[in-house]
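Dear colleague,

I am passing on the structure we spoke about, and below it you will find a short account of what came out of the analysis. Please read the account with the structure open beside it.

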Amino acid sequence: MKENSTTRMLHFDQAILNALKEDIPWEDVSANAVVPEGALGEAELIAKQDGVMAGLPVFRRAFELLDDGAEIALFVQEGDEVRKGQKLAVVRGKMRAILSAERTALNFLQRMSGIATYTRSVAAYLEGTHTKLLDTRKTTPNLRIFEKYAVSVGGGNNHRFNLSDGVLLKDNHIGAAGGVKEAIAAARAYAPFVRKIEIEVETLAQLKDALEAGAEIVMLDNMSDDVLKEAVALAKGKAEIEVSGNVTRENIARLASLGVDYISSGALTHSAPILDVSLKNLHPIK
């Protein structure tokens, strides 16, 4: 189920609070030792490398949850490309809260911006084609909502969010059902009629069975180039085509040139490096 921004922020709050509690079980001993209670200060958010920003609302919220008077002045927006050394924001508020929320806020922002940056670099290879770039469920447990959101900021598209979100029959479903046709028949009998049936196939024989059984989407998984070309030709006009498995920046343009509808890549979320940003120059203000 796709979520609106209000619902998403409620999920964000819960996860951010859990992360803050993980980092501050009962108190921040270091901050409380050196900063007087109630003392105000400000710090600057600086980019330490080029990239794409994602997660600024989460960054802001980490400070607000510890200090409801915190003010975060943002100089960039979600999806903006930034450069090394650029000042991205200024955080003002209680210095204890700034120090205590700093690592959690940066962890979210670095992770999400890293995903958006990597996604943007991959999506660039699909410009001018009708092929859509999709993410997968290969996400960090309990952080999926952040990671899939970051993919969308980077220019990718979200595949199903969870197991309740759509029918995707993979190799073990096929094995459990006794075959491709049997799995599709069972899914069609069980799932609401408005659901499309997607099935993963690894051979041309499985593909032919899937098309005969009326699958709306076929996922061509880890096929060699020669087999993939034949599979695309067989499925063209009969089902939507998704390609998956070992998708990289180096081969995605070639895959798109085959005329497929979707290319899914787990690397968007499980292999994207963080974008290095830092909170610097904290000092007292009145």
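This is a predicted model: local features need pLDDT of at least 70, side-chain atom pairs count only at pLDDT 80 or more; totals for chains, interfaces and linings use all residues.

Because phenylalanine 108 belongs to helix α4 (residues 95-123) and phenylalanine 146 to helix α5, the pair ties together parts that are 38 residues apart in sequence.

The count of aromatic pairs comes to four. Another of them joins phenylalanine 12 and tyrosine 149, whose ring centres are 5.9 Å apart and whose planes stand at 75°, so this pair is edge-to-face, the angle being over 60 degrees. Since phenylalanine 12 sits in helix α1 (residues 5-23) and tyrosine 149 in helix α5 (residues 144-153), this contact ties together parts that are 137 residues apart in sequence. Phenylalanine 12 has a relative accessibility of 1% and therefore counts as buried, and tyrosine 149, with a relative accessible area of 14%, is buried as well. Taken together, Phe12, Phe108, Phe146 and Tyr149 make up one aromatic cluster.

Helix α3 (residues 56-64) may also interest you, as its buried residues are Leu56, Val58, Phe59, Ala62 and Phe63. Viewed down the axis of α3, these buried residues fall within an arc of 170°, so they line one face of the helix.

Sorted by class, the lining of the second largest pocket comprises four nonpolar, 10 polar and nine charged residues.

As for the protein as a whole, its secondary structure amounts to 11 helices and 12 strands, and its C-alpha trace spans about 75 × 35 × 25 Å along the principal axes. Of the 286 residues in the protein, 47% are buried, and among contacts between residues at least 6 apart in sequence, 69% join residues that are at least 24 apart.

With kind regards

Terms used:
Residues are numbered from 1 along each chain as its sequence is written. Side-chain values use heavy atoms; hydrogens and water are left out. Ala, Val, Leu, Ile, Met, Phe, Trp, Tyr, Cys and Pro count as nonpolar, Asp, Glu, Lys and Arg as charged, and the others, Gly among them, as polar. Buried means under 20% relative accessible area, exposed over 50%, partly exposed in between (1.4 Å probe, protein chains only). Helices (H or I, at least four residues) and strands (E, at least two) are DSSP runs, numbered from the N terminus. The arc is that of the directions from the helix axis to the C-beta atoms. Rings of Phe, Tyr and Trp (its six-membered ring) pair if their centres lie within 6.5 Å; planes under 30 degrees apart count as stacked, over 60 as edge-to-face and the rest as tilted. Contact means heavy atoms within 4.5 Å.
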